[in-house]
Amino acid sequence: MLTFHKEEIKASINGALALRTKINEIVDPIYDQGITNICFMGIGGTLASSMQVVTHMQEKSSLEVICQSAAEYTTTGNRRIGSGTLLVLSSVSGTTKEIVSAVTKAKVYGATVLGFIDNKDAVLARMVDHVVTYPANEQLKFFMVADRLMFHEGVFSDYEEYYTELEEHLADALVDVGEKSEEFAREFVAAHHEDMIHYFVGAGNQWGATYSYAMCYWEEQHWLRTKSIHAAEFFHGMFEIVDKNTNVTVFVGEDSQRELAVRVANFLPQICHRYTIIDTKNYTLEGISEKYRGSISHLVMRQVCHRIDMEMERVNAHPTVIRRYYRQLEY
């Protein structure tokens with residue numbers, strides 16, 4: 001398998017889950033002191049992760065939760081972000097212009113900022129009120145914050161049971177998904193590595209994954225043209241341009257919005273010959289209870305997509321670390 005080091009993957013996932021104690025030590029007193037709302041802020045891929053966790057919280061929690069673009073906040077502001085706000089963000093470099101500007105502004109208005117900053121010496125690490133440094137696994141970190149808040153709110157009574165299960169089984173389950181999806185990824189890339197445009201459709205906690213995969217992976221890293229669309233909106237415009245030769249992939253998860261993606265998946269065979277359905281339900285996830293599968297289905301999809309990325313990189317002979325413009329020019 002290409003670039004698949006399963007022991008490293010397991011260690012990375014388990015290391016992220018081990019952050020839960022540190023995250024709780026930060027979140028617990030903030031909740032006890034009282035918060036007005038929680039804001040997940042990002043730009044690009046980190047905004048996509050914010051979309052996922054906000055969808056997760058909106059279904060289960062009565063806490064006001066905000067998904068905020070850092071660039072929009074810097075230019076327009078948001079009157080709801082202030083002294084009672086717990087603002088959560090993530091940055092690999094710790095130098096992203098939009099995030100630095102947004103944090104500067106949010107601090108002026110009194111927000112408490114928790115930053116997952118991969119580079120502990122970066123400017124952002126010095127700006128935030130609380131910093132956690134650990135590479136990758138952004139969605140896990142965000143969800144651990146959200147789940148702890150919902151535990152305190154009293155809407156996540158099986159919180160400890162859930163995380164005990166993840167700590168025991170998640171890493172092995174996700175590695176198994178990667179191994180089982182290798183052949184699929186090879187066939188998918190063989191069919192789509194030269195697409196003029198490819199449409200990605202998803203809903204629920206897959207919507208952030210859909211948005212991110214189209215933009216941050218196929219466009220930014222593979223230089224392939226895409227469009228992402230929420231499954232709930234598919235029948236209000238996009239489906240009119242689908243024909244037998246349109247390249248469409250539907251991400252189908254197992255959370256409460258599954259039916260929105262299934263509706264699209266059921267429709268496409270009537271009119272399209274180049275559709276693909278990626279359904280997380282097709283993966284075993286040994287040790288993960290049925291009732292928890294929906295909450296981690298975005299992580300399952302990420303493993304499948306990673307195998308596609310590695311195969312796409314090989315077939316198109318284009319290393320995904322190369323950028324034309326990103327951090328290459330002033331903009």
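The model is predicted: local features need pLDDT of at least 70, side-chain atom pairs count only at pLDDT 80 or more, and totals for chains, interfaces and linings use all residues. Residues are numbered from 1 along each chain as its sequence is written, and side-chain values use heavy atoms, with hydrogens and water left out.

Helices (H or I, at least four residues) and strands (E, at least two) are DSSP runs, numbered from the N terminus. Two strands pair if DSSP finds at least two bridges between them. Strands of a sheet pair through backbone hydrogen bonds, either parallel or antiparallel.

Now the pairings inside this sheet. Strand 1 (residues 37-42) runs parallel to strand 3 (residues 85-91), and 5 bridges join them. N37 has T85 in strand 3 as its bridge partner. Strand 3 also runs parallel to strand 4, through 6 bridges. There, S91 stands opposite I117 in strand 4. Strand 4 is largely enclosed by the rest of the structure, because 5 of its 6 residues are buried. Buried means under 20% relative accessible area, exposed over 50%, and partly exposed in between (1.4 Å probe, protein chains only).

Axes are lines fitted to C-alpha atoms, for helices over the stretch in contact, and angles run from 0 to 180 degrees between N-to-C directions. Contact means heavy atoms within 4.5 Å.

Where does S49 sit? S49 has its place in helix 3. S49 counts as buried because its relative accessibility is 1%. Leaving aside neighbours within four places in sequence, S49 is in contact with E138, Q139 and F142.

Strand 6 (residues 198-202) and strand 8 (residues 248-252) pair in the parallel sense over 3 bridges. Y199 has V248 in strand 8 as its bridge partner.

Helix 11 (residues 258-267) has R258, A261, V264, A265 and F267 buried. Strand 6, strand 8 and strand 9 are among the elements that cover these buried residues.

How do helix 3 and helix 10 meet? The axes of helix 3 and helix 10 (residues 205-219) come within 7 Å and cross at roughly 170°. The two helices are therefore roughly antiparallel to each other, a label for angles over 145 degrees; under 35 counts as roughly parallel, 65 to 115 as roughly perpendicular and the rest as oblique. In helix 3, G45, L47, A48, M51, Q52 and T55 meet N205, W207, G208, A209, Y211, S212 and C216 in helix 10. The residues of this contact divide into 7 nonpolar, 6 polar and no charged. Ala, Val, Leu, Ile, Met, Phe, Trp, Tyr, Cys and Pro count as nonpolar, Asp, Glu, Lys and Arg as charged, and the others, Gly among them, as polar.

Turn to the cysteines. The count of disulfides is 0, where a disulfide is a pair of cysteine sulfur atoms within 2.5 Å. For C67, the closest cysteine sulfur is in C39, 7.8 Å away and too far for a bond. C67 counts as partly exposed, at 33% relative accessibility. C305 is in no disulfide either; the nearest cysteine sulfur, that of C216, is 12 Å away. C305 counts as buried, at 2% relative accessibility.

Most residues other than glycine have a negative phi. W223 is not a glycine, yet its phi is positive, about 60°. W223 lies in the loop between helix 10 and strand 7, and is partly exposed, with a relative accessible area of 30%. L285 also has a positive phi, near 55°. L285 lies in the loop between strand 9 and helix 12 (290-316), and is buried, with a relative accessible area of 3%.
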